Every structure is written in structure tokens, then in C-alpha cells.
Amino acid sequence: MSEGIIYWLQQALNAFQLGSIYALIALGYTMVYGILTMINFAHGDVFMIGAFFCFLLSSLLGLSFIPTLLLTMLGTALLGVMIERLAYKPLRQAPKVSAIITALGVGMFLENFTLALAPYPKQVPLLLENVTWDVYGISISSIQIVIISLSLLLMLLLDYIVQRTSIGMAMRAISWDKTIVPLMGIPVDLIISITFAIGAGLAGAAGTMYALAYPVIDPYMGVMVGWKAFICAVVGGIGNIRGAMIGAFILGTVEIMVVAFLPSTFRDFVAFTLLMLLIMIRPYGILGKPRIQKV
Amino acid sequence: MSVLLIKQWNSLLENDWLVPVLLTLGFGLSFAIPEYNLFSVYVQLIMMYIGINIILAVSLNLVNGYMGEFSLAHAGFMAVGAYSSVLLTMKVLPVADYPLLFPCAVFIGGVVAALLGMIIAVPSFKVRGDYLAIITLAFLMIVKSMIENIDFMGGPRGIPGIMKLTTMPWVFFWTATLVWIVRNFVFSKYGRAVMAIREDEIASDLMSVDTKKVKFFAFMLSSFCAGIAGALFAHLLQFISPRIFDITKSTDILIMVYLGGIASLGGSILGATIYTVLLEILRPSTMAALLSWLPSFMFDPLQAHLITHLGTWRMVIMPLALIMVMLYWPRGVMGLREFRGFIPRAHKQAHHHN
């Protein structure tokens, strides 16, 4: 194959890896928004906590990859439910601004709490042996394959849960109409907690994979990655699960392309300009539907 | 008891002469304090930060409190004001020879920020709530990222060695002027329109409020104030970098506004003061100095176990305080209420609930 095609395929693979991590986080944003019409600004920091759980489990307990991943997901899921119960649930009837500020506060709390306990960046031990194969000049690492396949698996699982199970049906029903659904005997609080658990669990998985690919972690790593994932959710149409996945792969591609052509410091600039333009032109995203404002 | 005190206080504030007298007194003090060192240099510094934070809180309250929009961009406007004024004082204006050029630089910083404020006003015509929060956040990130990429403006390293031009009289002057301007705006026809937009944008549009124009003015005034605060801040701190003006700075201002209470100038002033003082008290050195009167058998264990760790835990306590305020005290110290002294005579009849 010619140099050019190999170069592009290599970049596409990198974009796919970045996009999978973004997608897992973006799903948490979009699920919570779908059900509560609330932006969970603390979600990026749940992702960070996931990476730190991964660090603790692998370095202190010396667990291998699979138990680390599962325990991390469990831990962040519990954290997500706790945040929802303690901070967001009392504000469900309050003005939306209160919820936004509380979410920002929770995020800051998680960051600074972690910073107080771990003032220096941590090196996550190597969980998987990294083997690099050379396929027609494209270098593919085993970690890349693990990240991409695991994320796809989790996304398919989520799609199955949302579309085919009764819990998923309840989720979709709540996002459709919040006043009627409790009258049908659906435990709204429980479903909301499950949504938070799933979203946070996916963020935990993303944190583990991020720690696999980029092993130096610090308490503020969740901020930027979280906002980027949020952009993905908005690009795809917030509240729409398949849209979040599409948005994540779009943003992953855009970022990798920017780095390929421009100095890497322009990456955030391009990502946020994209977000701003998109919200001004098509605020409901690619797969979203415009909400009709009623007087 | 406290009700009686408030009543006496309010009747005192009814007097026409009180506000001018207080202003003159404050202005005189702002000259006297640094001249005769009435307070330590550290306390003077805190007083100046309080002034700057009052400007920020009042201006953010205009958008978030009075208009009911949600803006996270204030740190961005601050950055714009800070950078443009610093470039002026360092590279263009001969401030060292003509000290009166400093307020001009500060003013221009505010104007540049106000021009950028218009950019934020345009999307707010179409979107509200969460989405406006995102747009303002994106704006903040774009500003930060732009500054990081322009070498001329110091890039990510920032600009060190800025002249210390912000003095207490200037802080007092700008704080008093801007609070006065915002107060007049809030109680003008435009202010009423701003509050009408908060209550119901579509209804106020139908009631012949020119919502676009009003939003333009409100956003411009708000970002103008933030730009001025940024300019003062830069010439007080003597060092600016993009990192200073990140989302944490915006969140700080948000805390001040919501702690003090939305749609209240008095609340913003209180919120900014309480928050700034609280953050300083939570500093280990300040806390140690404050508690040093305790007998040593009480002070030493406190010092060993609590105070030395405050530095790291201070930033954990603050967001927790924010969450607690939101959960248990959502209206803040004086949400939707106002000091009598700020209310123009013609409006006083309407404010029964104070």
C-alpha cells in the first residue's frame, strides 16, 4: 500500500481508540440528560475517580486486568448512585440552575478531594502486556484492540439494555413523560439510580482504559476529557444514545486530524469552536429532534 | 432583637445624606489606609481582592440573577480585560510617566471585554439554560486556548512582571462606580425588562420588551464590569497566565453570587466579602494567627492536626459549602431582596418584603 493510505489508516485507528473512550463517557452524559434533562457536570470527574480506582486496585491489591475493570466499574457505579441520592435528588424540583451549580460543586469536590489525597500524578502499573503488531505498515497495539473491542462490547450491551429489557423500557418511558410514568407503577427513583449507576459504571470502564493507554493520571484529568465527551454527546444530540456514539467518533476523528495538521495546542480550540458553532446552528445535534417550546 | 436592629438600620438608610457620606468616608479611607498603614499589608491586599470580587459578583448577578440566564464565561471576560490592559500598560502607554493613563487602560480592557460580550449575547437569543451554559463554557475555553496559542501574549507561560498599579483608591473608585452603574441599570426601564425576561421570555417579548436589545445591553454591561475587574486583578497580582482564568475562577464567582443571593446587589457584595474572607481564613497561616491567642495546650494539637492540613483541604471544603448552600439555602443570604440603601426613592414603596 502507498504511504499515504497507511498514514490515514493509522490515524483512523488512533481516532477510533480515542473515540471509543469518549463514547463511553458521553453515554453517561446523554443517559442522565435523557432521563432528568440535567447536565451532570461531575461526570468527567467520575471518570477520573475510575482511573484512580484502577490505580488503587492494580497497584495496592495487585489485581489483574479483568477484576480491576469489574471492581472499578462497580466502585464508580456506587459513587454515581451516591452522588445522585445525596446531591441531585433533593434538587429535582428546584430550578435547573441549582442543579447545574450543585453538579459543578460535586465535580470540584471530587477533584480537590482526590488532589488532597494524591497530590502528585500517579503511574498506573502495566495491566496488560503491550504487544505491537505490524499489519501492512500499520502498527496495531494489543491495548488498542482491547480498548476498541471492549468499548464496542459495552456499547452493544448498553444498547441491548436500553432497547430490549424492561429496565430500558422504563428509562425510555421516563424520558418520554415524567408525570404519567410513575402512575403506571414504574419506580422512578430506582430507574434514575440505575441510570446513574450504568452511566458512572461506563465512565469507570473508560477511566480504566484511559489508564491503560495513558498510564500517568492526575486529579484534573477528568475535566478536559469530560468536557470533550460532553461535546460528543451534544454533537450526536444529547439524550440520544446512538447519537453519543456517533458524536464521539466524529470528535475523535476531528481531534486526531487537528493534531496531524496543526500544532497540538490547537486541539481544544478546534473542539470547542466546533461545539459552539454546532449549538448555534443545530442545538439538538445530529440525531436529536428539536424540542418545541410551548407557551 | 435582630428585627429591631434591621428596622433601625433601614430607617437610617432612608436618609438621603447617608450614601454620599459613606462613599466620601470610604474614599477617604481608601487613601488613608495605605498612606498611614492602618492595616497590615496583607489585610490591605485582601480588601482590594474583596473590591474586585464585588465587581465580579455584581456583574455576574446581572446575567445569572436578574436575567436568569446561566453564564460560565466570566473568567473569560476577566482574561480579556486583564490581557488587553496589561498589553497596554506594558507595551503601549507610558504609564510610568503618566499614572493617570492606568484607568484609561483599565477602561479599554473593559471595553474590549464588552465587545466580546456581544458575541455571547447573540447565541443567547436562541438558546437558554443548559445550552447557554455550554456556549459560555465553550467561549471560556476558546479564549483560554487562543491566549495559549499567541506567543505575543506570553502563551501558556503567561506574562510576569506587571507593574503594580492597582491601588486601594482605584479599587474603591471602580467598585463604587460600577456598583452604582449596575444599580441604576437594574432599577431603570431596562432593568425591569431584564427581570421580565427572567420570569418569562416569550411573555415579555409579547409585552413589547425588545428582548434582543435588552440582552445585548445586559451582557455588554456585565462583561464590561468583568473586564475591568480582570484589569485591576492583573495589576494587583502582577502576573497573569491563561491558567488563572479557567473554569475554577468562574465557579468562584458563581459561589459568591449564589451565596449572597440572586438578583440582589447587597447580596452580591455580602457574598463576595464572605467568600473572600472565608477563603483567606481557611489559609493555614491566617488560621494559625487567628487562633494564636488560645492557650498552648489547646493550640498545639490544633496546629499539629488541623491547621497544617487546611491548605490541601480548603479547596475540598469550598465546593462542599457550595453544595450545602444549594441544598439547604438555595436563596442565599439575601436572594431577591435588597438593602434599602440601594433602592431608589421612587421604588421603595414596591419593596415591602424587605
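Helices, as the term is used here, are DSSP runs of H or I with at least four residues, numbered from the N terminus. In these terms, B:F187 of the predicted model is placed in the loop between α7 (168-186) and α8 (189-199) of chain B. This residue is partly exposed, because 17 other C-beta atoms lie within 10 Å, a count that falls between the limits of 12 or fewer for exposed and 20 or more for buried residues. Although B:F187 and B:P344 are 157 residues apart in sequence, their C-alpha atoms are 7.5 Å apart in space.

The two chains meet through 32 residues of chain A, which are in contact with 33 residues of chain B. On the side of chain A that touches chain B, the elements giving two or more residues are α4 (96-117) and α10 (267-281) of chain A, and the largest share, 14 residues, is contributed by α4(A). When sorted by class, this side of chain A comprises 24 nonpolar, six polar and two charged residues.

The loop between α11 and α12 of chain B holds B:A263, a residue that is not a glycine and yet has a positive phi of about 55°. With 25 C-beta neighbours inside 10 Å, B:A263 is counted as buried, because the cut-off is 20 or more. A positive phi is also found in chain A at A:T37, where the value is about 45° although the residue is not a glycine. Most residues other than glycine have a negative phi. A:T37 lies in the loop between α1 (3-36) and α2 (43-59) of chain A, and because 16 C-beta neighbours are found inside 10 Å, A:T37 is classed as partly exposed.

Within chain A, the axes of helix α6 (residues 166-176) and helix α7 (residues 188-213) come within 10 Å and cross at roughly 105°. The two helices, α6(A) and α7(A), are therefore roughly perpendicular, as angles of 65 to 115 degrees are counted in this class. The contact is formed by A:I167, A:A170, A:M171 and A:I174 on the side of α6(A), and by A:V188, A:I191, A:I194 and A:T195 on the side of α7(A). Of the residues in this contact between α6(A) and α7(A), seven are nonpolar and one is polar, while no charged residue takes part.

Chain A also contains strand β2 (residues 132-135) and strand β3 (residues 138-141), which pair in the antiparallel sense over four bridges. One of the residues involved is A:D134, whose bridge partner in β3(A) is A:S139. Together β2(A) and β3(A) form a hairpin with two residues between them, and in the turn A:Y136 has a positive phi of about 50°.

The largest nonpolar core has 197 residues, and those with the most contacts inside this core are A:A26 and A:C232. When residues up to four places away in sequence are not counted, A:A26 touches A:A229, A:C232, A:A233, A:A244, A:G247 and A:A248.

Key. Residues numbered from 1 in each chain as written. Chains lettered and ligands numbered in written order. Predicted model: local features only at pLDDT ≥ 70, side-chain atom pairs only at ≥ 80, totals over all residues. Contact = placed C-beta atoms within 7 Å. Nonpolar A, V, L, I, M, F, W, Y, C, P; charged D, E, K, R; others polar. Axes fitted to C-alpha atoms, helices over the stretch in contact; angles between N-to-C directions. Parallel < 35°, antiparallel > 145°, perpendicular 65-115°, else oblique. Pairing = 2+ DSSP bridges. Core = buried A, V, L, I, M, F, W, Y, C linked by C-beta atoms within 7 Å.
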